[in-house]
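Dear colleague,

Please find the structure below, handed over for your study.

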Amino acid sequence: MSEKIKFTIDGKTCTADKGTNIVDAAKANSIYIPTLCHLEGVKPAGSCRICNVKINGRFMTACTTDVAEGMVIENNTPEIKELRNIIVETLFVSGNHFCPACEKSGNCELQALGYRFQMMVPRFPYEFEEKVVDALSTKIFIDRNRCVLCKRCVRSIKSKDGKSIFAYYGRGHKAIINIDHALANKMTDEEAQKAMDNCPVGSILKKERGFSQPIGSRKYDKKAIGSEIEQTVNV
Ligand code: SF4
Ligand code: FES
């Protein structure tokens with residue numbers, strides 16, 4: 001039997017198995033910690049920092065940190081909420097996220113976080129960057145102008161022999177995701193759909209199918225992101 005760990009989140013006493021990261025441990029105790037780059041079952045990368053919490057007074061990413069006995073975690077404080085707002089607003093201005101025209105609208109985690117955090121207008125200027133859209137693969141295309149560089153595609157989508165179909169290329173502002181076209185062309189429809197689903201935004205899209213599920217009936221159109229974890233949504 002696995003060892004149980006006792007800790008608190010915003011003063012609530014919680015328990016979880018030893019070796020559980022804070023995001024999953026919070027979830028097991030009906031507490032939502034926002035995430036974007038984290039994908040359940042995939043090794044965390046800690047790249048978006050939206051899951052920042054304070055542990056014993058220090059900021060740390062909840063997806064890459066395991067719970068420990070007696071840990072005091074702050075999640076839902078004005079300071080942390082403000083930090084998360086800044087991260088979401090920064091992501092919105094650094095890409096071209098025109099939600100009404102995006103196939104992922106209603107299923108997009110960034111859009112859903114914007115709604116949940118009640119973001120109206122970002123406080124930062126839009127960058128309107130123009131990155132090359134790669135439509136050379138037969139099953140998928142990638143609109144890099146929407147990419148939040150979460151690396152979910154790199155970490156979770158592999159070819160049958162375990163090779164990476166997506167790769168992170170470049171540094172800083174010039175960083176992009178590249179596709180191995182030869183491998184991508186061998187993807188089945190299911191694999192192409194999985195790549196689209198695993199992308200938290202509308203950067204990877206499956207070709208030849210669009211808006212098959214009407215806007216208004218999609219995952220986050222009716223329920224706030226995180227509401228499946230907690231009963232009361234604390235914005
Ligand atoms: S293409 Fe999508 S899944 Fe891949 S890094 Fe960009 S946002 Fe993340
Ligand atoms: S969800 Fe933890 S750093 Fe992105």
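A polar contact is a pair of N or O atoms within 3.5 Å; within protein, one must be able to donate a hydrogen and the other to accept it, and residues adjacent in sequence count only if both atoms are side-chain atoms. This is a predicted model, in which local features need pLDDT of at least 70 and side-chain atom pairs count only at pLDDT 80 or more, while totals for chains, interfaces and linings use all residues. Residues are numbered from 1 along each chain as its sequence is written, chains are lettered from A and ligands numbered from 1 in the order in which they are written, and side-chain values use heavy atoms, leaving out hydrogens and water.

I begin with N21, which is found in the loop between strand 2 (12-17) and helix 1; helices (H or I, at least four residues) and strands (E, at least two) are DSSP runs, numbered from the N terminus. A polar atom of the N21 side chain lies 3.1 Å from the backbone nitrogen of V23, and the side chain of N21 also reaches the backbone nitrogen of D24, at 2.9 Å.

Is N21 buried or exposed? With a relative accessible area of 11%, N21 is buried (under 20%; exposed is over 50%, partly exposed in between, with a 1.4 Å probe and protein chains only). Beyond its neighbours within four places in sequence, N21 is in contact (heavy atoms within 4.5 Å) with H38, A62, C63, T65 and D66. Between N21 and M71 there are 12 Å in space, C-alpha to C-alpha, and the two are 50 residues apart in sequence.

Yours sincerely
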